Amino acid sequence: MIVSIDKDLCTGCQECSKVCPVSAIEGEKGKPQEINLDKCVICGQCVQVCKSYASIIDHGSEFIEDKKTERKLPEVINEPLFAANNVCDVNKVKNALNNPNKITMVQCAPAVRVALGEDFGLELGALTPGKMAAALKSIGFDKVYDTNFSADLTIIEEGNELIKRVTTGGTLPMFTSCCPAWVKFLEDNYPELTDHLSTCKSPQQMAGSVFKTYGAKLEDIDAKNIYSVSIMPCTCKKFECDRPEMNSSGYRDVDAVLTTRELAYLIKDSGIDFNSLEETSFDSPLGVYTGAGTIFGVTGGVMEAALRTAYESITEEEIPSIDIPAVRGSEGFRTADIQIGDLTLKIGIVSGLKNVIPVLENLKSGKLNLDFLEVMTCPVGCVSGGGQPKLLLEEYRQIAYENRTKASYLHDENLPIRKSHENPSIVAIYDKFLESPLGEVSHHLLHTKYCIRKEVAK
Ligand code: SF4
Ligand code: SF4
């Protein structure tokens with residue numbers, strides 16, 4: 001189980017049930033709760049809010065040591081052990097790092113760089129891409145790449161898919177597919193709508209697939225020796241990387257996922273003083289990214305990045321304003337009409353999975369008409385993901401979400417290139433390897449199919 005509730009520690013306060021978007025937490029108040037795995041989308045929001053933990057006074061040090069072993073936590077970690085928790089894969093990654101036959105390639109999701117510093121005492125939402133890259137190099141990863149690169153790649157593929165669907169009468173609205181908890185929810189509950197999902201793999205899986213093909217070629221190494229690790233703000237990314245279909249290179253796209261919190265464990269376990277690290281950059285070419293790639297971490301970000309590219313691709317003119325405030329916002333559902341040349345694109349954005357049900361029902365009944373829908377499970381997108389640093393006070397959590405969002409937009413504003421199609425490493429990968437968006441190689445490596453997880457209730 002990726003996310004679970006420890007019966008020895010759960011007080012039955014039911015705080016976690018209030019944030020669970022799919023009512024998957026069951027049990028009587030005051031008694032240990034249980035997660036209904038048929039409903040759970042592995043978002044980790046329960047892990048974020050649980051306040052009940054093992055204390056030395058109540059439980060004794062032996063109990064705590066046993067729990068640490070059971071949860072596979074590194075010895076050096078002295079943080080409280082909470083009732084709601086997720087599996088820890090730090091030891092798995094350490095084994096790969098210590099294996100001389102493995103070449104380790106790591107990628108970091110956009111939202112990690114605006115939150116990781118919090119686990120080292122920096123202010124909420126501190127932007128630390130340079131220190132994060134330096135930490136990963138100090139830990140010993142052979143190649144320090146970036147999910148922001150593959151976020152740019154996703155935009156090229158997804159933007160072209162949207163244009164194709166709009167111009168050739170394909171299934172609309174197209175739904176974004178980069179949030180694995182949303183994809184799982186749709187497969188579980190609305191299998192009749194899975195054709196609406198973009199066939200694009202998420203940036204995590206695209207990067208993994210590229211590492212073991214193009215990345216292997218660039219380094220002149222055998223793909224079977226590559227160990228691909230991703231650092232994610234999300235617990236459900238662990239589920240996504242285990243999906244059996246995610247191996248189009250002939251090998252698993254991603255071998256292990258660490259959450260932001262687990263990366264902090266690994267940095268501490270490696271004895272690295274994060275705050276005194278000298279900033280460095282990600283490795284080229286698979287660590288080169290644009291502002292469009294970095295706003296994937298916030299609600300509306302995938303939509304904004306896609307619109308920047310779709311506008312210029314359709315009109316062959318420069319977009320009048322790179323910032324698209326109409327798609328930015330907070331938890332809930334918002335819509336906008338976006339004019340692209342002669343085309344009026346009707347877009348919708350859902351943040352917080354519980355808000356998607358009325359949207360899907362209205363789409364089904366014809367009460368709502370959209371061309372493109374972005375859905376993110378967590379409250380304000382991946383910056384508020386279940387794998388991010390944990391904040392016990394609700395007021396701090398809200399400040400952190402705001403600051404992480406602001407930092408993501410600031411990072412975008414300050415990057416020299418802000419449109420995915422202008423990323424020189426993206427241009428190069430199509431020239432040298434992928435050939436064309438939605439082409440044969442891209443289709444094989446970067447796209448996927450969805451499965452019906454259970455019969456829809458009749
Ligand atoms: S898992 Fe944590 S938040 Fe949920 S009921 Fe138990 S103690 Fe409360
Ligand atoms: S992981 Fe998410 S979906 Fe699963 S029980 Fe926790 S809050 Fe609910």
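This is a predicted model: local features need pLDDT of at least 70, side-chain atom pairs count only at pLDDT 80 or more; totals for chains, interfaces and linings use all residues.
Which residue in strand 11 is the bridge partner of Met-232? It's Thr-259.

Residues are numbered from 1 along each chain as its sequence is written, and chains are lettered from A and ligands numbered from 1 in the order in which they are written.

Back to the strands. Strand 10, residues 226-232, pairs with strand 11 in the parallel sense over four bridges; pairing here takes at least two DSSP bridges. Strands are DSSP E runs of at least two residues, and helices are H or I runs of at least four, numbered from the N terminus. From strand 11, residues 256-259, Ala-256 and Leu-258 point one way, Val-257 and Thr-259 point the other way, and all are buried. Buried means 20 or more other C-beta atoms within 10 Å of the residue's own, exposed means 12 or fewer, and partly exposed is in between, with C-beta atoms placed from the backbone.

Leu-258 brings us to the core. The largest nonpolar core has 124 residues, and Leu-258, Val-41 and Cys-46 are among those with the most contacts inside it. Such a core is a set of buried Ala, Val, Leu, Ile, Met, Phe, Trp, Tyr and Cys residues joined through C-beta atoms within 7 Å. Domain 1 (1-87) and domain 2 (143-446) both give residues to this core, so it lies between them. Those domain bounds come from an automatic or database assignment.

How far apart are the centres of the two domains? Taken over C-alpha atoms, 29 Å.

Leaving out residues up to four places away in sequence, Cys-46 touches Val-3, Cys-16, Val-19, Cys-20, Ile-25 and Ala-84. Cys-46 also comes up at ligand 2: of the 14 residues around that ligand, Cys-20, Ala-24, Cys-40, Cys-43 and Cys-46 come nearest. Near means a C-beta atom, placed from the backbone, within 6 Å.

Last stop, Ser-270, in the loop between helix 11 (260-269) and helix 12 (291-294). Ser-270 counts as partly exposed, because it has 15 C-beta neighbours inside 10 Å.

Terms used: Two residues are in contact if their C-beta atoms, placed from the backbone, lie within 7 Å.
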